[in-house]
Amino acid sequence: MAIWRFDAIGTTWEIETSDELGADERQLVGVEIDRFDREWSRFREDSAVTRVGRDGGSISSPDAGAMLDVYRELSQATAGAVNPLIAESLSALGYDASYSLIAGDPVAAPAGWTQRLRWTAGEATASDPVLLDVGALGKGRLVDLVTETLAHVPGDLVVDAGGDMRVRGSVVRIGLEHPYDATKAIGVIELQDAALCASAVNRRAWGDGLHHVLDARTGIPVRTWAATWAIASDAMRADAVATALFFDGGPELAASWGVEWVRMSTDGRAERSPGCPAQLFTARP
């Protein structure tokens, strides 16, 4: 397999193909990633999300309906713990556009977000200035878009964005990284024609026990679960379930979508969905 590595949207990507990608294919990937980032990144001053956070108005994007429809299901399943208006809560703890990492007091995300946002398949409109953060599923969505961009490329394909990946073709064996020791794995999974997304409290962590997985109802980082993994046919839903599994309602949402999963608690116990194909080295009794 030929491997193309590059950095984008704050993470390292690896795209593996049977034959090396040409300049045209690489350009297509770069254009798609930049388009998504210009529309949805709260870390870019020139993005549509930043503009709506400052002035209100609309975001024209082919991803609007697909992502916000799933956010609505996520929010309902977790009783409001997942909310796309979590950006101000993250900023309050220092995970802001400038990465200050200077924490203030926790701030809950605005409730009733579906009344403040309206959307169609290709546009999202805010009734007043609101700052969105699509981190609960946005990277998965972009992995799907890059995979679709390379649909014409023959042979095997692996699109991996910092551990959120989608595989086409041959079976790929993947270790589930231990959240407290990156040199170890809590298990392995064989992935074929599917997506695997993960989330962990040791990624994007700072200060005194702060990390990026917040309960939108309180603005406080979750403390019960340390890491999650979800396996689905597409990366966006895998990413969404990996987020939902930090909260009550996550396993039920996964079951309704047919998504398999593993999660590990902060005290070291691991559990998985009944049909999950992962081989765990440690499992909850």
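Colleague: Why is I9 called partly exposed?

Modeller: Buried means under 20% relative accessible area, exposed means over 50%, and partly exposed is in between (1.4 Å probe, protein chains only). I9 has 33% relative accessibility, so I9 counts as partly exposed. This is a predicted model, in which local features need pLDDT of at least 70, side-chain atom pairs count only at pLDDT 80 or more, and totals for chains, interfaces and linings use all residues. Residues are numbered from 1 along each chain as its sequence is written, and side-chain values use heavy atoms, with hydrogens and water left out.

Colleague: Where does I9 lie, and what is its phi?

Modeller: I9 is in the loop between β1 (2–8) and β2 (11–17). Helices (H or I, at least four residues) and strands (E, at least two) are DSSP runs, numbered from the N terminus. The phi of I9 is near 45 degrees, a positive value in a residue other than glycine. Most residues other than glycine have a negative phi.

Colleague: What is the phi of L101, and what makes L101 partly exposed?

Modeller: The phi of L101 is near 55 degrees, which is positive, and L101 is not a glycine. L101 sits in the loop between α4 (87–92) and α5 (113–116). With 42% relative accessibility, L101 counts as partly exposed.

Colleague: How do you know how many disulfides there are?

Modeller: A disulfide is a pair of cysteine sulfur atoms within 2.5 Å. By this rule the count is 0 disulfides. The sulfur of C197 has its closest cysteine sulfur in C276, 14 Å away, and is therefore too far for a bond. Likewise C276 is in no disulfide, the nearest cysteine sulfur being that of C197, 14 Å away.

Colleague: Are these cysteines buried or exposed: C197 and C276?

Modeller: C197 has a relative accessible area of 0%, so C197 is buried. C276 has 8% relative accessibility and also counts as buried.

Colleague: What makes a set of residues a nonpolar core?

Modeller: A nonpolar core is a set of buried Ala, Val, Leu, Ile, Met, Phe, Trp, Tyr and Cys residues, joined through side-chain atoms within 4.5 Å. The largest such core has 68 residues, and those with the most contacts inside it are W13, I15, W40, Y71, L74 and V146. Helix α7 (residues 235–244) gives the most to this core, with 7 residues. Apart from it lies another core, of 20 residues, among them L196, W229, C276 and L280. In soluble globular proteins, nonpolar side chains tend to be buried together.

Colleague: Which residues does V146 touch, not counting residues up to four places away in sequence?

Modeller: Contact means heavy atoms within 4.5 Å. On that basis, and with residues up to four places away in sequence not counted, V146 touches W13, I15, V29, I33 and V159.

Colleague: Why is H212 called buried?

Modeller: The relative accessible area of H212 is 14%, so H212 is buried. H212 is placed in the loop between β12 (210–211) and β13 (214–215). Residues up to four places away in sequence aside, H212 touches L90, Y95, S199, A200, R203, R204 and W206.

Colleague: What makes E73 partly exposed, and which residues is E73 in contact with?

Modeller: E73 has a relative accessible area of 31%, so E73 is partly exposed. E73 lies in helix α3 (residues 64–77). Leaving aside neighbours within four places in sequence, E73 is in contact with R237, L253 and W257. E73 and A240 are 167 residues apart in sequence and 9.7 Å apart in space, C-alpha to C-alpha.

Colleague: Is E252 buried or exposed, and how do you know?

Modeller: E252 has a relative accessible area of 55%, so E252 is exposed. E252 is in helix α8 (residues 250–257).

Colleague: Why does D156 count as partly exposed?

Modeller: D156 has 22% relative accessibility, so D156 counts as partly exposed. D156 is in the loop between α6 (138–149) and β6 (157–161). Neighbours within four places in sequence left aside, D156 is in contact with M1, E16, T17, S18, R168, G169 and S170.
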